[in-house]
Structures are given as structure tokens and as C-alpha cells.
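Hi everyone, thanks for coming. I'd like to walk you through one chain today, a few residues at a time, so please have a look at the screen.

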Amino acid sequence: MSSSAPRISSLPARNAPMDPGVEADHRARYAERLVDARQTAFGVSGVPIPTQSALAVSEAERRANYEAMWARGGTIPLLNCYNDFLVDERANETAAEFVREKIRGIVKDPRTAALLTPNDHPIGSKRLCLDTGYYETYNRDNVTLVDVRSDPIARITPQGVRLASGTDYAVDSLAFATGFDAMTGALREIDIRGTEGQALAEAWEGGPLTYLGLMVAGFPNMFMVTGPGSPGVKSQMIHSIEQHVDWITECLGHLRAKGLATIAPTEQAQAEWVDHVNKVADRTLYPRANSWYVGANVPGKPRVFMPYVGGVAAYRRKCDEVAAKGYAGFVLAD
């Protein structure tokens, strides 16, 4: 079996049957955990907001924390381990090197380990993967890692894959992991027209423009759920979907109660929100990576960091504030 892998970090998932005691505790405190999740950065309960810098503790303490994170599994423990993990390159590098050491310790062949070791972006600035035995797979005799960065795929042949060097690999099955046009692709593919006849794809030609990631100026009554400019993919998605659905439901109730028929954001409110989203992202390490967060996987797509990374707690407060002020930044009409 031949495999080509991107240089992106994968952490252990630690998937296993849930301990009955843990499940019982979750069920007993379900309502409490929902409220707790609203106050966190990623919308995940049971994860306290970090207050300490990775550079303010000793190497031994930091190492112990990372080891506990690795043993626990999942992505949130790493993303939430220190308060400067995603804003300070030096702090981020302490975790990145820890994960590299883990990869080198698991993968026996040094060359293969080097190919699997991320080194071109801050860890966490691309979507972290979770796995069960992924790196161990490369120790199998029937698995070969092919680096298509140095020797790109030239063509697909009847027997398999041919690289630019002329090397052929025969395969039984071929998985086309072509990626996806995240956050905007599906909406742009629909011929949605605004009040002036402009297509949404045209309005977003230079990148997505939204107010709160919920609506677009010039497109009244077009609500989006976890659209660009909202925490969406940088949060616990179910939590963010529920928050948007609740907000939209209350908004529709307000319109009905007031006898109003349409709602749309103003150009100014939209521009200010887009500017805010960009400024928040620019204070982090996220834009440093060629990720699908910025559309780098789609040729010709404008490079714009699309999610809001100020945290679901801050975002929820802003949405609630807008509603409390009579839907400030929106034009409501009959």
C-alpha cells in the first residue's frame, strides 16, 4: 500500500467505550455543562480558560502538561493548554517540538518520520487531526510513504499512479482526497441574488463579507448558520449551530411581533465586523498557515481568514448585545 501524507499534526484520539461513571456524571450535569460551554473559547465544557503562559513555567512542568495532554487525547487539551499557545510563536514552538518528538519516537524510519513531521506552520494553525494508530501504520512492511511535494503526481494510469520522475505505483484502490471549498463554496455555488440582482458569488469575489457571520448586506432575510465571520469551524460546531438557530428564531419572533417583514445588515456594520474579524485573526498565528481557513487549498480563492477566533463567549455576547439594542447594525422594514 502506498500513501502520501501532508505535513500536518495528528494527535491521538483515545477513542474507547465511555466509562459508565463519566457518562452518568455528564447526564446529571448536562444543563450545567451547556451553560459552562458558553463561557469558553471553543464552546467545550469542562475546559477551563487558560491563564498561564507556556513560557512562564519550567520546561519540566510544561513537558508534564504536554504528556498529560497526549495521554488524554483530543485537540482541545492542546489548543487550550496555555493562553499564548496560538498568539506567541515561541510558546507555540514548545508544543510543536513536543509533537515532533512523539512522531520521531513512534515512526522507526528516520526519513519517513521526517516527512511526517510538520515544520512549515505553527501547530494548531491548521486543522489538527485525530487518529488511532496513524503514525504506527508507517512501521508496517506493506506501507510506503511517497513525498509528492518533491516528486509530484504526473498522471493517473490504468494501473495506478505515475510520478514526475517516471516512477509508477500500482494500486488496487485510489482515494481522491481533494479537499473542499470551506465555508463559502456551497453558498457560492447557489445562484443567490440580492435586491439589486447581484449574485452572492459576485459580492464575495474578494472574499466573504458578512455581519456576525449571520447575514450579508444587500441580501435581506438570508440567514446563514455558522457562516464565514462566525466562530463556526473554530468551535464546537453543535454549540455554534444551536446558538445561531436560537438567535435567528428570536430575530424572526421580533420581526413578527413588530409586524416587520425584512431584515438586512447595513454596509457599514458589515464592513466594521469584517475588519474586526481580520484584526482578531491577525493577532494570532492562524494566518501564518496555508490552510483551508484562508482558502489556500482552492486555486484562485482570495486569501482571507474566514472564521472568527475571538472565542464563542465573546461572540455570543456580541450577538446578544446586537439583539438587545433592537438589532443594531441591521435595517428592519415592513
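Let me start with a question: in which helix does Ala95 lie? Ala95 sits in helix α5, which covers residues 89-106. Helices here are DSSP runs of H or I with at least four residues, strands are E runs of at least two, and both are numbered from the N terminus.

Before going further, a word on the ground rules. This is a predicted model, where local features need pLDDT of at least 70 and side-chain atom pairs count only at pLDDT 80 or more, while totals for chains, interfaces and linings use all residues. Residues are numbered from 1 along each chain as its sequence is written, and side-chain values use heavy atoms, with hydrogens and water left out.

How confident is the predictor? The mean pLDDT of the chain is 93, and 98% of its residues reach 70 or more; pLDDT is the predictor's confidence in each residue, from 0 to 100. Residues 1-5 are a stretch to treat separately: the pLDDT there is below 50, and beyond near neighbours in sequence the stretch has 17 contacts in the model. Contact, by the way, means heavy atoms within 4.5 Å.

Now the overall picture. The chain has 12 helices and nine strands, and its C-alpha atoms fill a box of roughly 70 × 50 × 40 Å, taken along the principal axes. Of the 334 residues, 44% are buried, where buried means under 20% relative accessible area, exposed means over 50%, and partly exposed is in between, with a 1.4 Å probe and protein chains only. Among contacts between residues at least 6 apart in sequence, 68% join residues at least 24 apart.

Back to Ala95, then. Ala95 counts as buried, at 1% relative accessibility. Leaving out residues up to four places away in sequence, Ala95 touches Tyr66, Leu78, Phe85 and Ile123.

Next, a pair of helices. Two packed helices are described by the angle between their axes and the distance between the axes. The axes of α10 (residues 237-258) and α12 (residues 312-324) come within 11 Å and cross at roughly 5 degrees. Those axes are lines fitted to C-alpha atoms, for helices over the stretch in contact, and angles run from 0 to 180 degrees between N-to-C directions. So α10 is roughly parallel to α12, given that angles under 35 degrees count as roughly parallel, over 145 as roughly antiparallel, 65 to 115 as roughly perpendicular and the rest as oblique.

Who makes that contact? From α10 we have His239, Ser240, Gln243, His244 and Trp247, and from α12 Val312, Tyr315, Arg316, Cys319, Val322 and Ala323. By class, the contact has six nonpolar, four polar and one charged residues. In that scheme Ala, Val, Leu, Ile, Met, Phe, Trp, Tyr, Cys and Pro are nonpolar, Asp, Glu, Lys and Arg are charged, and the others, Gly among them, are polar.

Let's stay with Ser240, which lies in α10. Ser240 is buried, at 4% relative accessibility, and beyond its neighbours within four places in sequence, its contacts are Thr226, Pro231, Gly232, Ser235 and Val312.

What about backbone angles? Most residues other than glycine have a negative phi. Leu212, in the loop between α9 and α10, has a positive phi near 65 degrees and is buried at 0% relative accessible area. Asn221 in that loop also has phi near 65 degrees, but Asn221 is partly exposed, at 38%.
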